[in-house]
Amino acid sequence: MGKHGREKLYVQPREWYGEHDVDLRLGTRVTELDPAAREIVLAGGQRIGYSRLLLATGSSPRRLSVPGADLGGVLYLRYVGDSDRIKAAFENAARVAVIGAGWIGLETAAAARAAGAEVTVLEMAELPLLRVLGREVAEVFARLHEQNGVDLRCGVQVAEITAGGQGTAGGVRLADGTQIDADVVIAGIGITPNVELAAAAGLAVDNGVVTDERLRTSDPDVFAAGDVANAFHPLLGKHIRVEHWANARHQPVAAAKAMLGQDASYDRVPYFYTDQYDLGMEYAGYVEPGGYEQVVFRGDVPGREFIAFWLGDDGRVLAGMNVNVWDVNDTIQDLVRGGQTMDPSRLADLAVPLDQLTGD
Ligand SMILES: Cc1cc2nc3c(=O)[nH]c(=O)nc-3n(C[C@H](O)[C@H](O)[C@H](O)COP(=O)(O)OP(=O)(O)OC[C@H]3O[C@@H](n4cnc5c(N)ncnc54)[C@H](O)[C@@H]3O)c2cc1C
């Protein structure tokens, strides 16, 4: 967070749109989708027709609902402006409380530590990222933050954001009465897909806008991609909604082909990355919470230079994560895609080159 140049945030530079005959209208809210007329309605009432439409409305941060949540100094992270506000707040904050130890919360905690603040992270689950990674790898992230000076408190319930001076937050009170003083409170408690347009138009919505593998919604002329889409994934044989950059970058390519009547479906192995302190990692694959049999580590876990593989009960590689080990993620994706039963001892054995691992 905040480490990269602003131009890197954008998928295309501003000039790209005009150069490619794309009519980019910023500051324009779509308020209604009228599938019967094949039109969208803008906030000013203007109607625009379409023959095919892509919904890429993304998602919004879930808001705290505890008393005090509307105090100044309670911040969320989604837009560039949020990042600017948080960066400015870190400049004057000695103590930062982060609610939620998911990816956003942990990356924010790392940024706050880099800015020199004392950081407390509050998480209701037993470990950070427990649902996504499972206990074995969640422990790695817990140790990472603790060793970097974060006061990580898991298994806690936030009861209230307490007031400091001048209508701003002064800390967090937990359900057991513990008070954590903070100059800034940042909530990273998940996101909800922006399905309002689709739902009001009568499209199928279930944890996002439901699509088939061609990213087509229940209306044949309307497609959806990115954080908002709950798309059927042919490799996994189920619908998944992915809240990661690579998915938002690549799904629209398949959607655009399908919108133009080409034979396209989206079957890339889900992928994401994170950088926190000295840990950089890439993850490929998909595991339901609790949906694996064992985790096999290959390399140096305490030294944070390893690959973790999640295996199913049939011995297949469901997902892999390379931590401070590079140029291996394509091979991990091949293993996930290959769907073969693997011998865990060979997966763990550094003497067996990764690209020579094949199924039994
Ligand atoms: C701080 C942060 C850090 C992240 N870090 C990582 C990371 O390290 N790795 C990773 O893989 N992923 C990361 N992600 C996730 C990744 O950025 C998202 O998955 C991706 O941006 C989703 O893209 P999207 O286009 O689907 O949605 P969005 O980026 O949410 O874009 C949706 C756009 O639609 C607009 N919109 C919505 N409704 C309307 C409407 N009615 N009318 C007009 N416009 C509308 C919104 O204003 C928005 O601009 C991060 C996200 C955040 C917020």
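Where is L26 found? L26 sits in the loop between helix 1 (14–19) and strand 1 (30–34). Helices here are DSSP runs of H or I with at least four residues, strands are runs of E with at least two, and both are numbered from the N terminus.

1. Basis of the model. This is a predicted model, in which local features need pLDDT of at least 70 and side-chain atom pairs count only at pLDDT 80 or more, while totals for chains, interfaces and linings use all residues. Residues are numbered from 1 along each chain as its sequence is written, and side-chain values use heavy atoms, with hydrogens and water left out.

2. The L26 patch. L26 counts as exposed because its relative accessibility is 54%. The classes are buried (under 20% relative accessible area), exposed (over 50%) and partly exposed (in between), with a 1.4 Å probe and protein chains only. Together with V22 and L24, L26 makes a nonpolar surface patch of about 240 Å². Patches are made of residues with over 30% relative accessible area and no salt bridge; like charges are joined within 9 Å, and nonpolar side chains (Val, Leu, Ile, Met, Phe, Trp, Tyr) within 5 Å. Accessible areas come from the Shrake-Rupley method with a 1.4 Å probe, and for residues only the protein chains shown count as cover.

3. The side chain of R78 has an N or O atom 2.7 Å from an oxygen atom of the ligand. The side chain of D227 also places an N or O atom 2.7 Å from a ligand oxygen. For W245, a polar backbone atom is 3.0 Å from an oxygen atom of the ligand.

4. Ligand cover and shell. On its own the ligand has 1000 Å² of accessible area, and the protein covers 70% of that.

5. T274. This residue lies in strand 19. T274 is buried, because its relative accessible area is 1%. The T274 side chain makes a polar contact of 2.5 Å with the side chain of E107. Another, of 3.2 Å, joins the side chains of T274 and Q276. A polar contact is a pair of N or O atoms within 3.5 Å; within protein, one must be able to donate a hydrogen and the other to accept it, and residues adjacent in sequence count only if both atoms are side-chain atoms.

6. Salt bridges. How many salt bridges does a search of the whole structure find? The search finds 18. A salt bridge is a side-chain nitrogen of Lys or Arg within 4 Å of a carboxyl oxygen of Asp or Glu. R47 pairs with D34, with the closest N and O atoms 2.7 Å apart. This pair links distant parts of the chain: R47 is in strand 3 (residues 47–49) and D34 in strand 1, 13 residues apart. R47 is partly exposed at 41% relative accessibility, whereas D34 is buried at 18%. D34, E39 and R47 are linked in a network of salt bridges.

7. Two further bridges. R38 forms a salt bridge with D221, the closest N and O atoms being 2.7 Å apart. These two residues are 183 residues apart in the chain. R38 is partly exposed at 38%, but D221 is buried at 13%. K238 bridges to E288, with the closest N and O atoms 3.0 Å apart. K238 is in strand 18 (residues 238–240), and E288 is in the loop between strand 20 (279–285) and strand 21 (294–300).

8. Backbone points to check. N207 has a positive phi near 50° and is not a glycine. N207 lies in the loop between helix 6 (196–200) and strand 15. Y277, also not a glycine, has a positive phi of about 55°. Y277 is in the loop between strand 19 and strand 20.
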